[in-house]
Amino acid sequence: MRIYSHPACLAHDTGPTHAERPERLSAVTNALHAAFPELAWHEAPRASRGQLLRAHAPSLLEQVLETRPRERLFLDPDTVLSPASAEAGLRAAGAVVAAVDAVLGGQTKRAFCAVRPPGHHATADVAMGFCLFNSIAVGTLHALAAHGLERVAIVDFDVHHGNGTQAIFEHDRRVLFASSHQLPLYPGTGTRDETGDGNIVNAPLPPDAGSALFRAAWTQRLLPAVDAFKPQLLMISAGFDAHRRDPLAQLQLDAADFAWLTSELVALARRHCGGRVVSTLEGGYDLTALAESSVAHVGALLA
Ligand SMILES: [Zn+2]
């Protein structure tokens with residue numbers, strides 16, 4: 001088990017009142033250090049231009065990397081580009097690429113990327129929803145292109161639908177995208193009839209769904225789809241904003257639900273791909289919930 005992170009991810013400055021703030025990442029890294037003192041921490045490299053261009057249009061790279069704002073610049077009402085944001089985005093995507101290399105290179109079975117900004121709302125050409133680069137997509141395309149894999153599954157349990165990830169892969173049958181999320185909620189996509197080329201599986205959940213509906217969605221709909229796909233690598237968009245304490249959503253889960261799903265995913269990875277799992281932090285906006293949930297998630301990855 002490896003953890004990938006970088007101090008540059010703390011310097012992405014979204015302003016004093018923004019939900020996606022540096023303290024989120026500190027809450028996660030402090031909790032992981034306290035709970036698992038033996039974990040191996042690795043510094044995330046920068047994603048290369050070529051790695052980013054597998055998922056993104058040159059225009060998005062230009063916007064994020066070449067704008068070089070002197071103060072905070074809002075790309076949309078939610079999404080901030082600060083002077084340090086380009087470096088944070090490069091390290092967040094680079095963490096997932098390095099984690100993929102380590103897992104597929106046999107250095108470790110599982111890896112968790114403790115990074116920000118999150119990524120799953122970023123489409124090929126639009127930074128949105130707090131996200132600059134779609135790190136899980138960049139890592140997944142690296143696994144396919146640089147390691148020659150033919151089937152990679154991305155599971156996303158962030159409370160928001162991973163619209164960017166879905167859009168990038170909806171016509172790429174090498175990738176299965178399986179997501180649970182609250183609907184209605186930002187960004188508004190993720191209905192059951194969005195199926196891509198048969199490789200997109202959405203399980204929208206109503207507000208106040210709670211543990212039972214969440215677990216039923218995974219047991220009955222999402223996990224069987226991932227199982228049938230027989231992935232050679234399992235990627236996880238791990239957002240913890242479905243927790244009952246989260247201020248941005250109302251799905252009413254507990255840390256135990258994240259531990260349960262992670263254990264199910266590790267078992268699935270053991271059946272199909274030697275237990276190879278790469279997970280990256282997406283959302284989660286209550287610091288207590290983030291600390292508890294990331295410990296629950298990494299604890300289950302360690303098992
Ligand atoms: Zn989210």
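Rings first, so I set the rule: rings of Phe, Tyr and Trp (its six-membered ring) pair if their centres lie within 6.5 Å, with planes under 30 degrees apart counting as stacked, over 60 as edge-to-face and the rest as tilted. By that rule I get 5 aromatic pairs in the structure.

Ground rules before I go on. This is a predicted model, in which local features need pLDDT of at least 70 and side-chain atom pairs count only at pLDDT 80 or more, while totals for chains, interfaces and linings use all residues. Residues are numbered from 1 along each chain as its sequence is written, and side-chain values use heavy atoms, with hydrogens and water left out.

**Entry 1: rings**

I looked up F130 and Y285, one of the aromatic pairs. Their rings sit 5.6 Å centre to centre with 80 degrees between the planes, an edge-to-face pair. For the elements I use DSSP runs numbered from the N terminus: helices are H or I with at least four residues, strands are E with at least two. F130 is in the loop between β5 and α5 and Y285 is in the loop between β10 (277–281) and α9 (287–302), so this pair ties together parts 155 residues apart in sequence. Both F130 and Y285 are buried (under 20% relative accessible area; exposed is over 50%, partly exposed is in between, using a 1.4 Å probe and protein chains only).

Next I checked F240 and F258. Their ring centres are 5.2 Å apart and their planes are at 80 degrees, so I log this pair as edge-to-face too. F240 belongs to the loop between β9 and α8 and F258 to helix α8, so the pair ties together parts that are 18 residues apart in sequence. F240 and F258 are both buried. Ring pairs also bring in F157, giving a cluster of F157, F240 and F258.

**Entry 2: the zinc ion**

Which atoms coordinate the zinc ion? I find D158 (OD), D158 (OD), H160 (ND1) and D241 (OD), at 2.0 to 2.8 Å. Donors here are N, O and S atoms within 2.8 Å of the metal (3.2 Å for Na, K and Ca), and water is not among the atoms, so sites may look incomplete. Along the chain the donors follow the spacing D-x1-H-x80-D.

The 4 donor atoms subtend angles of 52 to 155 degrees, which makes the arrangement irregular. My cut-offs: four donors are tetrahedral if all angles lie between 85 and 135 degrees; four are square planar and six octahedral if opposite donors are over 155 degrees apart and all others between 65 and 115; anything else is irregular. D158 is buried at 0% relative accessibility, and H160 is buried at 7%.

I went looking for cis peptide bonds. The bond from R116 to P117 is cis, with omega near 0 degrees, and P117 lies in the loop between β5 (110–113) and α5 (135–147). The bond from Y186 to P187 is cis as well, with omega near 0 degrees; P187 lies in the loop between β7 (175–182) and β8 (200–205).

Then positive phi. K230 is not a glycine, yet its phi is about 55 degrees. K230 sits in the loop between α7 (210–229) and β9 (233–238) and is partly exposed at 47%. Q252, not a glycine either, has a phi of about 65 degrees. Q252 is in the loop between β9 and α8 (255–273) and is partly exposed at 24%.

**Entry 3: two residues I clicked on**

N163 is in helix α6 (residues 163–169). Is N163 buried or exposed? At 11% relative accessibility, N163 counts as buried. Beyond four places in sequence, the contacts of N163 (heavy atoms within 4.5 Å) are H120, H121, T123, M128, P187 and T189.

D125 is in the loop between β5 and α5 and is partly exposed at 44%. Leaving out residues up to four places away in sequence, D125 touches A57, S59 and L60.

**Entry 4: whole chain**

I count 9 helices and 10 strands in the protein chain. Of its 303 residues, 59% count as buried. Among contacts between residues at least 6 apart in sequence, 76% join residues at least 24 apart. The C-alpha trace spans about 50 × 45 × 40 Å along its principal axes.
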